[in-house]
Amino acid sequence: MDARRKDQQLAALLAAAGIIGCALVYWALQIQQVLETLAMARG
Amino acid sequence: MLPTFLNSWRRSIATLAVSGVALGFGFSAWRVNAWEALQPLFAWMETSWLGAIGKTWGGVFAVVEAMHLLAMAMLGGALLVSDGRLLGWLLRDVPVTLLLCRAHRVFVIGLVAALATGMFMACAVATKIYFLPVFWIKMLALAVGVLFTFAIKRPLLADGIEDLHPWVVRAVAVASLTVWFTVAASGRWIGFSG
Amino acid sequence: MFNQLVYEFALWLDAGRWSTLLHESYYMYSWVETTHVLSLIPSVGILFLIDLRMLGLALPQVPASVIAGRLQWPMFIGFGLMVTTGLLLFYAIPVRSAQSVWFRLKVILLLGAALNAIVFHYRMKRSVAHWDNAAVAPKALRRGALLSLLFWTLIVICGRLIAYDWFDCSHGPSGFIAVFAGCIEGQTEF
C-alpha cells in the first residue's frame, strides 16, 4: 500500500471514529433528556 | 474528482469540524450570531412562491412530504445494501466494488429527490423550523453525511477494499449508517415539534 | 352492515386500557410512529431496489435472483416492523383510523400490493432461470415491478394524509365520502 493510500485510510478512520463519537454523545444526551422527562412525569 | 489540495486529511478534518460544530456550536454564543444572520433568508423563504404553495394547499404539502419519505426510503435502502455489504451482512456473493458503485447511483437519486422535496417543505414552514433546534441538528447532520459520503467514503472505497484494514471498512460503514440514521430520526422529530 | 361492524369493533378496541395508554403516553405513540416511518427504509427502500432492478434501472449487472433472493429476509423484517407498528398505531386511535377514508384506501392498496407481490413472486420463480443475468426482466414482471412502485407511492401518500381531518366523520361529511369512510348516522364517539 502506498503512502497516499495509507494516509487516505487513516484519515477515513479518523473521520469515521469522530462521527461515531459525536453521534454517541448526541444520542446519549437525547436519551438522558427522555429519561429525565419520564422521571418528572412520574413525579 | 476533487482537487488534490483537498487531500484526505483536510477532508476528514473538515468533516470532523462540521460534526464537532453540531455539538460544540450548540453551547456557544457564536451560534446565536450565525443563526440571527440567517433570519432574513428564512423570512423570505416563507413568502416565496414555493412557500406560498405549500402553505395554501395542505394537500400539496402532504404529497410532497410523502415523496420526501419515499426518497428517504430509496436513499436509506441503497445505504442499507452498501453498508450492509461492507459489514458482511448482505449480498456477500456480489462483488463489493460493483455493488457500491451501482447502489451509490440509487443513493444519489434518493438524496437529490429528498433535497428538492425538503426545500419545498422548508419554504412552507420556514419561520417555524428556524426556531426549532432539531431542524438545525438535522441540517448539520446532513452536511456531515454528505461530506463524509462524497469526500471520504466514496473515494476510499471506489478502488476496491481488498487493501484496506477490515476495521477501517467497518468503521466507515457504521459511521455512514449512524449519521444518516441521525438525519432521518431528527427529521421525524421536526414533525413532532412546534 | 360492514360499516356498523367496523365501528363497533373500533369502539371495543377503544375501550381497552392499553389503547388509551398508548394514545395518551408522552413518548410511546411518537416512538411507535417514528419506527413506523423509519421502517419504510428496510421495507419499501429494499423493495424499490428490487423493483428498479427488474426495470433495469438499478444494479443491472447483479443477477436478478440474487437481488430478490438475498434481500428478501431483510425486507420481510422491515415489513414485519411496519405491520407491527401500524397495528399499534391503529390500536391507539381505533375509531378515527377505522373511519378515515385515507386509512381505508391505504388498506385496499396494501391488499393490491400484496396480491401483486404474490403474482410477481410466482411468475419470477417460474421464469428467472432464463433471464437472470439480463439487465431487464420480461414484460410481465416489469409490469409487476412498475405496479409495485405505483402501489407503494400511493400507500405512503395515503398514510401521510390520514393525519388530515378534511373528511373526518366528526365534520359530518355527506354522500359517497360518508359511506366510504363508514360514518354512522348519529354516532357519538369519534
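Q: What pattern does chain B follow along the sequence?
A: In this predicted model, chain B reads α-α-α-α-α-α-α-α-α. The count is nine helices and zero strands.

Q: What box do the C-alpha atoms of chain B fill?
A: Taken along the principal axes, the box is roughly 55 × 40 × 30 Å.

Q: What makes a residue of chain B count as buried, and what percentage of chain B does?
A: The residue needs 20 or more other C-beta atoms within 10 Å of its own. Of the 194 residues of chain B, 44% count as buried. Among the contacts in chain B with a separation of 6 or more, 82% are between residues 24 or more positions apart.

Q: Why is α1(A) called roughly antiparallel to α8(B)?
A: Helix α1 (residues 3-42) of chain A packs against helix α8 (residues 133-157) of chain B at an angle of about 150°, and their axes are 10 Å apart. Angles over 145 degrees count as roughly antiparallel, so α1(A) is roughly antiparallel to α8(B). The crossing of α1(A) past α8(B) is left-handed.

Q: Which residues make the contact between α1(A) and α8(B)?
A: From α1(A) come A:Q8, A:Q9, A:A12, A:A15 and A:I19, and from α8(B) come B:V144, B:F148, B:I152 and B:L156.

Q: How many residues of each class does the contact of α1(A) with α8(B) have?
A: Ala, Val, Leu, Ile and Phe are among the residues that count as nonpolar. By class, the contact has seven nonpolar, two polar and no charged residues.

Definitions and conventions: Residues numbered from 1 in each chain as written. Chains lettered and ligands numbered in written order. Predicted model: local features only at pLDDT ≥ 70, side-chain atom pairs only at ≥ 80, totals over all residues. Axes fitted to C-alpha atoms, helices over the stretch in contact; angles between N-to-C directions. Helix = DSSP H or I, 4+ residues; strand = E, 2+ residues; numbered from the N terminus. Parallel < 35°, antiparallel > 145°, perpendicular 65-115°, else oblique. Left-handed = near helix turned anticlockwise from the far one by under 90°. Contact = placed C-beta atoms within 7 Å. Buried ≥ 20, exposed ≤ 12 C-beta atoms within 10 Å, placed from the backbone.
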